[in-house]
Amino acid sequence: MTVAELGEMLGGSGRAKQVWRALLRGDDPFAPGALSERARLKLVGRCRPTSAALGKQTVADDGTLKALVELEDGNAIEMVVIPKNGRTTVCVSTQVGCKRACSFCVTALVGLRRSLSAAEIVFQVELARRMSQERKMPPLRNVVFMGMGEPLDNLDAVKQGVAVLCDQNGLSIPPRHITLSTVGTTPTKIWSLKDLPVSVAWSLHTADDELRHKLVPTMRHALIDLRDAFVRVVQNRNALLFVEMALIAGINDDIQSAEKLADFLVPFGDNVRINLLPLNPGRGDLAPSQPESVGAYRQTLIERGYFCILRQPRGLGANAACGQLAGLGT
Ligand code: SF4
């Protein structure tokens with residue numbers, strides 16, 4: 001809950017602020033002494049803490065940490081904590097598994113077990129904040145919704161989670177430091193992002209409908225309809241759209257594909273940025289693009305006037321990179 005919502009429940013914003021101050025100090029607000037006794041009794045009477053536990057943790061050579069989070073119903077998710085360039089980013093999950101069945105993603109093999117609550121989403125960020133402090137990582141600055149699950153398939157909980165994360169009396173994370181990554185499920189769901197003040201990334205991967213249907217087989221809408229919905233969001237908010245391209249050797253990484261993408265993105269004008277990421281190892285039948293192909297692909301987009309960067313994979317040694325999360329802690 002946001003501080004305002006909690007204040008309503010506890011009968012006063014002062015009590016709600018006490019709860020968040022205790023949480024930010026690392027104290028358990030349900031324990032005697034953390035709050036005034038009147039506030040604590042109200043809290044204990046009306047709320048219960050999110051019950052989840054930190055499970056197995058694996059650290060990659062680059063310092064990226066993958067952590068298993070065991071949920072109270074016996075399910076488990078994974079989150080990734082990434083220290084880099086003086087700041088730490090947490091990649092959070094929004095669902096246990098995912099129903100989108102992307103052919104290059106290990107999470108897809110799990111299928112969808114259930115969606116996370118807003119509390120379980122916020123819990124991962126709070127856990128990452130504490131872990132980064134304990135492990136002497138740089139301060140936690142960024143949150144990316146790029147872990148297990150498709151955020152637009154759990155939009156209400158994601159929106160509530162964002163409201164809590166951004167609450168200035170709580171974790172106070174600036175909206176521009178939060179990125180929601182989506183395959184873009186339907187034009188209606190995409191349009192609903194106009195009210196969410198975070199950065200949005202579209203996991204597009206190809207501008208070809210037939211190929212996209214193979215990469216994201218559950219997709220029911222033509223790319224042009226999804227694109228037009230993103231264009232309206234970007235224009236409505238005067239914001240940037242980040243386009244994510246996982247480049248797969250021999251599948252979507254040739255010059256013609258880059259040209260097709262360049263044509264496809266024209267309606268965004270200056271409001272688009274393209275991130276290239278050679279596919280991370282995961283599903284045996286698909287391989288990452290070779291550096292020469294990635295370089296030529298990028299050059300094509302730059303010559304067409306796009307801002308296009310090559311993202312460095314993080315957490316490969318711990319199976320903590322994009323598309324590698326299966327909720328198994330391995
Ligand atoms: S890439 Fe994202 S949307 Fe696709 S199956 Fe994996 S978690 Fe789901």
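Me: What pLDDT do local features and side-chain atom pairs need here?
Reply: The model is predicted, so local features need pLDDT of at least 70 and side-chain atom pairs count only at pLDDT 80 or more, while totals for chains, interfaces and linings use all residues. Residues are numbered from 1 along each chain as its sequence is written, and side-chain values use heavy atoms, with hydrogens and water left out.

Me: How many aromatic pairs does a search of the whole structure find?
Reply: Two. Rings of Phe, Tyr and Trp (its six-membered ring) pair if their centres lie within 6.5 Å.

Me: Why is the pair of Trp202 and Phe264 called tilted?
Reply: The ring centres of Trp202 and Phe264 are 6.1 Å apart and the planes are at 45°, so the pair is tilted. Planes under 30 degrees apart count as stacked, over 60 as edge-to-face and the rest as tilted.

Me: Where in the chain are Trp202 and Phe264?
Reply: Trp202 is in strand E9 (residues 199-203) and Phe264 in helix H9 (residues 255-264), 62 residues apart, and the pair links distant parts of the chain. Helices (H or I, at least four residues) and strands (E, at least two) are DSSP runs, numbered from the N terminus.

Me: Is Trp202 buried or exposed?
Reply: Trp202 is buried, with a relative accessible area of 0%. Phe264 is buried as well, at 10%. Buried means under 20% relative accessible area, exposed over 50%, partly exposed in between (1.4 Å probe, protein chains only).

Me: Which residues do the ring pairs link into a cluster?
Reply: Trp202, Phe230 and Phe264.

Me: Which residue lies over the face of Phe264?
Reply: Arg227, at 5.1 Å from the ring centre. Arg232 lies over the face of Trp191, at 4.4 Å from the ring centre. The criterion is NZ of Lys or CZ of Arg within 6 Å of the ring centre and within 35 degrees of the ring normal.

Me: Switching to the ligand. Which residues surround the ligand?
Reply: Cys98, Arg100, Ala101, Cys102, Cys105, Ala108, Gly149 and Val183. A residue is near a molecule if one of its heavy atoms lies within 4 Å of it.

Me: How many in that shell are nonpolar?
Reply: Six are nonpolar, one is polar and one is charged. Ala, Val, Leu, Ile, Met, Phe, Trp, Tyr, Cys and Pro count as nonpolar, Asp, Glu, Lys and Arg as charged, and the others, Gly among them, as polar.

Me: Now the strands. How many bridges join E4 to E7?
Reply: Four bridges join strand E4 (residues 87-91) to E7, and the two run parallel. Thr88 stands opposite Leu140 in E7. Two strands pair if DSSP finds at least two bridges between them.

Me: How many residues of E7 are buried?
Reply: Five of the six residues of strand E7 (residues 140-145) are buried.

Me: What about E7 and E8?
Reply: Three bridges join E7 to strand E8 (residues 178-182), in parallel. The bridge partner of Val143 in E8 is Ile178.

Me: Which way do the E8 residues point?
Reply: Ile178, Leu180 and Thr182 point one way from E8, Thr179 and Ser181 the other way, and all are buried.

Me: How many bridges pair E8 and E9?
Reply: Four, in the parallel sense. Thr179 stands opposite Ser199 in E9.
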